[in-house]
Amino acid sequence: MAVIKAAILGFGTVGQGIYHILNEKREELRQKLGVELEVAKIVVRDTSRERVAGTQHLLTDNIDDVFAEPGLQVVFEAIVNEEPAYSYLKRAIENRCHVITANKVMFAKRGMELQELAKTNGVFVGYEATVAGGVPIIKTMKNILLVNDVSRIQGILNGTTNYMLTKMRQENLRYDEALAEAQNLGYAEADPFNDVSGQDAFKKLMILSDLAFDEQPDWSEVEVVGIDTLTEEDLAAAKEQGLRYRHVAEVEKDASGKIIARVAPLLVNAEHPLYPIDDVFNAVAMETNYIGTLTVTGPGAGMYPTASVMVEDYAEIIGKRAGFTVTI
Ligand code: HSE
């Protein structure tokens, strides 16, 4: 059976999740895809810490070791920040490797460029994990766009802050207690300022804007307000009135064709579609011309939901490459 060699760049929560799923699903993936996947290298900053038992021999802190691996075909990337992630993926694509990323900071800025480069090199870019964790928003929207136009997107795109708002409302946790819980559960970014300030949701929104409208608004014109502007008193007052705060990201194309976006807390009542979306869940509503409004919802952060969609991207890419659609 043919062997596909892969590398994992970054071995934090998401990188480890990929490794676990690939191991747990090894036999099933082999049967469904007709190929054997071998993780040949794992890139980390500190090779002295094994993190997952039995992976020491795969660890390297030198990206050159990855590209020196004969027959490498797939690169999973779960690093934080734009660099060195962008340079690594560019190099991977130029080396004719398929790339699968969870890096929204990098992809919001460089996604279009990497996809263009991938086209000219005959490889695929999987980026389902960059937006809304385990929610299959990218593949759903790609499908919808085959027939529909999307005019507006509104959603909860950050799991950490939705979890925090839920716990503060339901269990009267303080802001810092709720944040600590979200960090312990592996939901928050390495620097949780990105979650609570709205920057994480903003980057995800820009990726959706690229997909829906083929362009992004001018970043400097987008108002981004985080949940760090809300006080415990604000939340208590909302609860008293039977209302809920949701951290909402929205982007739309106005009548003149201009792309307008905003990220901010929104107070919603029981009739609002985002009212019941609690815990780490994300939800994305898309307004389309033929379907009407379609909303997808599911876990928006966490090791397994995020890693799962990356392995799904891998299965889809291998299926496309072999000219078949992967089904169960
Ligand atoms: N910190 C992010 C969140 C992780 O809470 O949504 C998933 O992108």
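Modeller: Let's begin at I137, which touches E128, V131, A132, L208, V284, M286 and V296, leaving aside residues up to four places away in sequence. Touching, or contact, means heavy atoms within 4.5 Å. This is a predicted model, where local features need pLDDT of at least 70, side-chain atom pairs count only at pLDDT 80 or more, and totals for chains, interfaces and linings use all residues. Residues are numbered from 1 along each chain as its sequence is written, and side-chain values use heavy atoms, with hydrogens and water left out.

Now look at E128, one of those partners. E128 sits in the loop between β6 (125-126) and α6 (137-145); helices (H or I, at least four residues) and strands (E, at least two) are DSSP runs, numbered from the N terminus. A polar atom of the E128 side chain lies 2.9 Å from the backbone nitrogen of I137. That's a polar contact: a pair of N or O atoms within 3.5 Å, where, within protein, one must be able to donate a hydrogen and the other to accept it, and residues adjacent in sequence count only if both atoms are side-chain atoms. E128 has a relative accessible area of 2%, so it is buried (under 20%; exposed is over 50%, partly exposed in between, with a 1.4 Å probe and protein chains only). Leaving out residues up to four places away in sequence, E128 also touches V309 and D313, among others.

Step back, and I137 turns up again: with L9, M141 and L208, it has the most contacts inside the largest nonpolar core, which has 53 residues. Such a core is a set of buried Ala, Val, Leu, Ile, Met, Phe, Trp, Tyr and Cys residues joined through side-chain atoms within 4.5 Å. Helix α10 (residues 199-213) gives the most to this core, nine residues. At least three core residues come from each of domain 1 (2-133 + 304-322) and domain 2 (137-300), with bounds taken from an automatic or database domain assignment. A second, separate core of 33 residues includes Y19, L22, V52 and Y314. In soluble globular proteins, nonpolar side chains tend to be buried together.

How do the two domains meet? Between them, 16 residues of domain 1 are in contact with 22 residues of domain 2, while their C-alpha centres lie 27 Å apart.
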